[in-house]
Amino acid sequence: MVDHPDKYDYSRAQVPGPLTQEMEARKLEKKRAQKAQRKQREQAQREERQRWEQEQGEKQRFAALSDREKRALAAQLQDAGTTLANISRCWHCGESLLGRIPFHYLDFSFCSTACLQTHRRARAGHT
């Protein structure tokens with residue numbers, strides 16, 4: 001189109017105008033911005049996945065502790081004056097209770113009534 005502007009009827013053929021340096025630069029800049037956005041989004045997803053995996057690991061470790069070990073950990077953390085991040089977990093499944101209203105039974109806190117009932121049944125079976 002640049003070399004032969006009058007050779008064909010470019011508008012009737014619906015051929016867009018020739019790309020200028022400015023248009024190419026804008027197109028390249030747009031691609032770069034999209035690539036940077038995609039990388040940033042992927043990085044955020046990776047970080048979120050790592051936080052989730054870490055939370056799942058803590059949840060499993062806490063759930064694997066016996067009631068006696070959980071109480072000892074709670075007492076140790078309270079004596080040290082640290083935050084109750086590890087204590088604010090469901091005593092049955094280890095789910096975090098932060099931002100939730102826990103269900104209480106004796107000195108235990110649970111994330112749901114199902115966990116509370118399961119824990120009560122397990123304790124009844126042990127006594």
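Colleague: What share of the contacts in the protein with a separation of 6 or more comes from residues 24 or more positions apart?

Modeller: Those pairs account for 29%, a contact being heavy atoms within 4.5 Å. Bear in mind that this is a predicted model: local features need pLDDT of at least 70, side-chain atom pairs count only at pLDDT 80 or more, and totals for chains, interfaces and linings use all residues. Residues are numbered from 1 along each chain as its sequence is written, and side-chain values use heavy atoms, with hydrogens and water left out.

Colleague: OK, and how many helices and strands are there?

Modeller: The protein has three helices and two strands, in the order α-α-β-β-α from the N terminus on. Both kinds are DSSP runs numbered from the N terminus: H or I with at least four residues for helices, E with at least two for strands.

Colleague: How far apart are the end C-alpha atoms of helix α1?

Modeller: They're 64 Å apart. Helix α1 covers residues 21-64, and its 44 residues at 1.5 Å each should span 64 Å, so the two agree. The expected span is 1.5 Å times one less than the number of residues.

Colleague: Which residues of α1 are buried?

Modeller: Gly57, Lys59 and Phe62. Buried means under 20% relative accessible area, exposed over 50%, and partly exposed in between, with a 1.4 Å probe and protein chains only. Across the 127 residues of the protein, 17% count as buried.

Colleague: Switching topic, how many salt bridges are there?

Modeller: The count is two, taking a salt bridge as a side-chain nitrogen of Lys or Arg within 4 Å of a carboxyl oxygen of Asp or Glu. Arg26 pairs with Glu22, with the closest N and O atoms 3.2 Å apart. Arg51 pairs with Glu48, and there the closest N and O atoms are 2.6 Å apart.

Colleague: Where do Arg51 and Glu48 lie?

Modeller: Both are in helix α1, three residues apart, about one turn of the helix. Arg26 and Glu22 are both in α1 too, four residues apart.

Colleague: Is Arg26 buried or exposed?

Modeller: Arg26 is exposed, at 52%, and Glu22 is exposed as well, at 55%. Arg51 counts as partly exposed because its relative accessibility is 47%, and Glu48 does too, at 44%.

Colleague: What's in the largest nonpolar core?

Modeller: Eight residues: Cys90, Trp91, Leu97, Phe108, Phe110, Cys111, Cys115 and Leu116. Strand β2 (108-110) and helix α3 (113-126) are the elements that give two or more residues to this core. Such a core is a set of buried Ala, Val, Leu, Ile, Met, Phe, Trp, Tyr and Cys residues joined through side-chain atoms within 4.5 Å.

Colleague: And what does Phe108 touch, leaving aside its neighbours within four places in sequence?

Modeller: Phe108 is in contact with Asp67, Arg71, Trp91, Phe103, His119 and Arg123. His119 sits in helix α3 and is buried because its relative accessibility is 5%. With residues up to four places away in sequence not counted, His119 touches Asp67, His92, Phe108 and Phe110.

Colleague: Last one: how many aromatic pairs does a search of the whole structure find?

Modeller: One. The rings of Tyr8 and Tyr10 have centres 6.0 Å apart and planes at 75°, so the pair is edge-to-face. The rule takes rings of Phe, Tyr and Trp (its six-membered ring) with centres within 6.5 Å; planes under 30 degrees apart are stacked, over 60 edge-to-face, and the rest tilted. Tyr8 is exposed at 53%, whereas Tyr10 is buried at 14%.
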